[in-house]
Amino acid sequence: MLDLIKRTRSYRRFDNSRKLDVKFMSELIDAARLAQSAANAQPLRYVTVCGEEMCAKIYPELRWAGRLKDWDGPAESERPVAYVAVYADTQAPAVANPVVDSGISMQNMCLYAMEKGVGSCMIGNCMKKEINALLGIGERYNLLWVVAFGYPVENVVLTECTGDVAYYRDAEGNHFVPKYKSEDVLLGSL
Ligand SMILES: Cc1cc2nc3c(=O)[nH]c(=O)nc-3n(C[C@H](O)[C@H](O)[C@H](O)COP(=O)(O)O)c2cc1C
């Protein structure tokens with residue numbers, strides 16, 4: 001399991017010729033809907049997209065790797081082949097905690113996908129109004145995140161964080177992600 005967690009990185013370059021089908025998308029939604037939920041209120045709703053045409057329309061509404069200033073996002077042949085839009089139902093009961101719930105449900109999807117060799121990237125920086133219009137979702141539902149999926153074609157490497165948390169790439173395009181060490185994040189161990 002720890003190995004799967006280590007491999008479940010944010011991937012931003014995919015093999016666009018390897019598509020994902022409706023069955024896989026419904027498996028992702030199973031992984032999402034079975035997640036823990038505050039008060040079991042289950043306030044989240046989803047839209048899946050794996051059709052080529054709609055994927056092409058969603059892509060320009062997403063913002064990739066804000067820290068990589070000289071990179072405009074994946075080339076056409078490396079774009080995601082599927083998306084899951086994660087919504088909060090504004091009519092959910094007050095005890096619901098959609099933001100926390102969505103983190104858990106997205107991680108369930110990402111772990112499930114990675115176990116099948118499919119990479120993912122959670123995206124919060126996106127054009128919500130435009131995406132709602134494309135997906136035909138009205139005001140009752142609040143778009144929280146979009147998760148992108150596809151078979152990765154990039155090498156993502158975990159490194160030890162020595163102060164700067166910014167991810168970076170080397171000249172060969174390897175993507176490095178600095179993570180704090182256990183002793184940096186552990187306030188106590190009694
Ligand atoms: C809530 C959330 C929102 C994110 N939004 C974006 C985004 O808008 N664009 C993007 O390229 N990456 C986004 N990411 C991916 C992070 O940049 C990524 O998790 C971070 O660089 C660490 O890399 P790792 O996921 O491989 O550990 C997001 C991640 C999370 C958890």
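How far apart do the C-alpha centres of domain 1 and domain 2 lie? And please take a close look at the ligand and its surroundings.

Analyst: Happy to! Please keep in mind that this is a predicted model. Let's begin with your question: the C-alpha centres of domain 1 and domain 2 are 23 Å apart. Domain 1 covers residues 2-153 of the chain, and domain 2 covers residues 155-190.

The two domains also touch. In domain 1, 12 residues are in contact with 11 residues of domain 2. About 980 Å² of area is buried between domain 1 and domain 2, and carbon and sulfur atoms give 56% of that area. On the domain 1 side, R9, R67 and L68 supply 54% of the area buried against domain 2, more than any other three residues.

Now for the ligand. Domain 1 and domain 2 both give residues to the shell around the ligand, so the ligand lies between them. That shell has 15 residues, and the closest are R9, S10, R12, A65 and K179.

What sort of residues make up the shell? It divides into 8 nonpolar, 3 polar and 4 charged residues. Strand 3 (119-123) and strand 7 (175-179) each supply at least two of the shell residues. The largest share, 3 residues, comes from strand 3.

Let's zoom in on single atoms. A polar backbone atom of A65 is 2.6 Å from an oxygen atom of the ligand. For K179, a polar side-chain atom lies 2.8 Å from a ligand oxygen atom. At N125, a backbone N or O atom is 2.9 Å from an oxygen atom of the ligand. As for the ligand's surface, on its own the ligand has 620 Å² of accessible area, and the protein covers 72% of this.

Terms used:
Residues numbered from 1 in each chain as written. Predicted model: local features only at pLDDT ≥ 70, side-chain atom pairs only at ≥ 80, totals over all residues. Heavy atoms only, no water. Near = heavy atom within 4 Å. Polar contact = N/O pair within 3.5 Å; in protein donor to acceptor, adjacent residues only side chain to side chain. Areas by Shrake-Rupley, 256 points an atom, 1.4 Å probe, with all protein chains shown as cover. Helix = DSSP H or I, 4+ residues; strand = E, 2+ residues; numbered from the N terminus. Nonpolar A, V, L, I, M, F, W, Y, C, P; charged D, E, K, R; others polar. Domains from an automatic or database assignment. Contact = heavy atoms within 4.5 Å. Buried area = accessible area lost by both parts, 1.4 Å probe.
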